[in-house]
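Welcome, and please have the model open as you read.

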Amino acid sequence: MGTYHGGVTASKRVLLAKPRGYCAGVDRAVQTVEEALKLYGAPIYVRKEIVHNKHVVSTLQAKGAIFVEENAEVPEGAIVVFSAHGVAPEVHEQAKGRNLRAIDATCPLVTKVHQEARRFAADDYDILLIGHEGHEEVIGTTGEAPAHIQLVDGPDGVDKVTVRDPSKVVWLSQTTLSVDETLETVARLKRRLPLLMSPPSDDICYATSNRQDAVKAMAPNCDLVLVVGSQNSSNSQRLREVAVDAGASAGYLIDYASEIQDSWLEGATTVGVTSGASVPDELVMEVLDFLAARDFTDVAEVTTAQEKLVFSLPQELKRDMKAQATARAAEVAKTLS
Ligand code: SF4
């Protein structure tokens, strides 16, 4: 695989965005379910899709994970994993009420937004949460302080905002939004509320912005951009929009290579490929194979950032893993003595 330096176009080439695919939060959440299956055995219940990706969910189902919508569907006393998108405090309470052993795979960067929401609510701020109505992350964050939070669903949601005290208002956001659209929403909010405070640090996470930057760098040179990701994945949807806004003639969101239509490739000489933060890279490799079979054999990576962030597994899981390792070591020592 070569490196893209811009300029002359080879016939039938692929530009491959980097970074793409798994982020640290998704990697941790998927590993959490895998390790829980190994440690406790199947079935392991998972509330909501652990991450928004069809392939990841069906792979974990095959290994013994059972995905449910609510805690009420989990048998009393069983283990339940909460997804990377985060949950409202009442979901933890429901789990306690049913004696469930909860393992919280909420991404630490989502937890950070929850903490901000709690802190500003405790200081009696009105909180304007920029995000998509009905998204699990937004539901979870709002649940931290429902009386203080109102949703602003994009720039057009700005006019509906009402606040108690215009000098005590802060905006927060979902982690997986379009960076540019959010800047526009904030600019419009600030025109209405000049004293609006910004979050202490960016809520849109590093993975979301890095993947959008890589797409922006390659899209102007692409006839079309293929984004591997599921329809319910917010950050994948945004990548498709960003690609088209940045100059690609077309953008398509696909779960699998088999969904690519040959008509999309007619007349195309440069195809951009990227993937959402919840997508395993094997699915991207299948897309490259599909394209190679149609003479798109020249693949160049467009690299705009290097990512090294890794999150450790949830404490409650690590504690049980450690206890099991200690018990096994003791058994081995007993056998040998
Ligand atoms: S996209 Fe960002 S916030 Fe969401 S899981 Fe990945 S790192 Fe965490």
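## A helix pair and its surroundings

Helix α1 (residues 24–40) packs against helix α2 (residues 54–63) at an angle of about 5°, and their axes are 11 Å apart. That makes α1 roughly parallel to α2, a label for angles under 35 degrees, with over 145 called roughly antiparallel, 65 to 115 roughly perpendicular and the rest oblique. Axes here are lines fitted to C-alpha atoms, for helices over the stretch in contact, and angles run from 0 to 180 degrees between N-to-C directions. Helices (H or I, at least four residues) and strands (E, at least two) are DSSP runs, numbered from the N terminus.

Please keep in mind that this is a predicted model, in which local features need pLDDT of at least 70 and side-chain atom pairs count only at pLDDT 80 or more, while totals for chains, interfaces and linings use all residues. Residues are numbered from 1 along each chain as its sequence is written, and side-chain values use heavy atoms, leaving out hydrogens and water.

Which residues bring the two helices together? On the α1 side they are Val-30, Val-33, Glu-34 and Leu-37, which meet Val-56, Leu-60 and Lys-63 in α2; contact means heavy atoms within 4.5 Å. The residues of this contact divide into 5 nonpolar, no polar and 2 charged. Nonpolar covers Ala, Val, Leu, Ile, Met, Phe, Trp, Tyr, Cys and Pro, charged covers Asp, Glu, Lys and Arg, and the others, Gly among them, are polar.

## The nonpolar cores

The largest nonpolar core has 27 residues, and Val-33, Val-46, Ile-50, Val-51, Leu-60, Phe-67 and Val-81 have the most contacts inside it. At least two residues of this core come from each of α1, β3 (44–47), α2, β4 (65–68) and β5 (79–82), and α1 gives the most, with 7 residues. Such a core is a set of buried Ala, Val, Leu, Ile, Met, Phe, Trp, Tyr and Cys residues joined through side-chain atoms within 4.5 Å. Buried means under 20% relative accessible area, exposed over 50%, and partly exposed in between (1.4 Å probe, protein chains only).

Leaving aside neighbours within four places in sequence, the contacts of Ile-50 include Val-33, Val-56, Leu-60, Phe-67 and Val-81. A second, separate core of 23 residues includes Val-14, Leu-224, Ile-254 and Leu-291.

## The whole chain

The protein chain has 11 helices and 13 strands. Its radius of gyration is 22 Å, close to the 20 Å that the globule rule gives for 337 residues, so the chain is as compact as a globular protein of that length. The radius is taken over C-alpha atoms, and the rule is 2.2 Å times the number of residues to the power 0.38. Of the 337 residues, 51% count as buried. Residues 24 or more positions apart account for 77% of the contacts with a separation of 6 or more.

## Backbone details

Most residues other than glycine have a negative phi, and most peptide bonds are trans.

| Site | Backbone value | Loop |
|---|---|---|
| Lys-18 to Pro-19 | cis, omega near 5° | Pro-19: between β2 (13–18) and α1 |
| Ala-42 to Pro-43 | cis, omega about 0° | Pro-43: between α1 and β3 |
| Asn-99 | phi about 60° | between α3 (89–97) and β6 (101–104) |

Asn-99 is exposed, with a relative accessible area of 55%, whereas Asp-124 is partly exposed at 39%.
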